[in-house]
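Reader: I have just opened this one and would like to go through it slowly with you. Could you take my questions one at a time?

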Amino acid sequence: MRATTDPYMQLLGLETRVLEPGRAVVAAQVKPEHLNIHGSCHGGFLYSLADAAFALASNSHDTPAVALSTQMLYFKAVKAGEHLEAHASEENLGRRTATYRIEIRSKERVVALFTGTVFRMEAEG
């Protein structure tokens, strides 16, 4: 059985909406405590949302996977009250590594883009 949440996701109020092999959607609502000094959503919160979807998608094949590299691009400011979804999709699945693309969306607007590569460990047996 695959995990659909972890303690950090619960702390931030992140909810798993979709979990399929190579794919995940994680949702959150931006709250006042998620804002930065400029009054917009903190980049760390956006990163955590994307990273949660990345972790779920990359571990969805029942092979433990850990991050090797990530990159985050921020496109648009996000305000308190906005509903966000992180859509993770598998771009490449290899025997030892896999790469994922995660779009953070507010409605249909892409507000940030995260890419990440994982190392796929030997399945415990």
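Predicted model: local features only at pLDDT ≥ 70, side-chain atom pairs only at ≥ 80, totals over all residues.

Reader: Which residue forms a salt bridge with arginine 23?

Author: That is glutamate 20, and the closest N and O atoms of the two are 3.1 Å apart; a salt bridge here is a side-chain nitrogen of Lys or Arg within 4 Å of a carboxyl oxygen of Asp or Glu. Glutamate 20 is partly exposed as well, at 38% relative accessibility.

Reader: And how many salt bridges does the count come to?

Author: The count by this rule is 7 salt bridges. One of them joins the side chains of arginine 17 and glutamate 85, at 3.9 Å from N to O. That pair links distant parts of the chain, with arginine 17 in strand S1 (residues 15-20) and glutamate 85 in strand S4 (residues 83-93), 68 residues apart; helices (H or I, at least four residues) and strands (E, at least two) are DSSP runs, numbered from the N terminus.

Reader: What about arginine 109, which residue does it form a salt bridge with?

Author: Arginine 109 pairs with glutamate 82, their closest N and O atoms being 2.8 Å apart. Arginine 109 lies in strand S6 (residues 109-120) and glutamate 82 in the loop between strand S3 (65-74) and S4, so the pair ties together parts that are 27 residues apart in sequence. Glutamate 82 counts as buried at 17% relative accessibility, whereas arginine 109 is partly exposed at 31%.

Reader: Which residues do salt bridges that share partners join into one network?

Author: Those are Glu15, Arg17 and Glu85.

Reader: Changing topic, where is aspartate 6 found?

Author: Aspartate 6 sits in the segment before helix H1 (7-12), and it is partly exposed, with a relative accessible area of 33%. The side chain of aspartate 6 reaches the backbone nitrogen of tyrosine 8 at 3.1 Å.

Technical notes
Residues numbered from 1 in each chain as written. Heavy atoms only, no water. Buried < 20%, exposed > 50% of the residue type's maximum accessible area, 1.4 Å probe, protein only. Polar contact = N/O pair within 3.5 Å; in protein donor to acceptor, adjacent residues only side chain to side chain.
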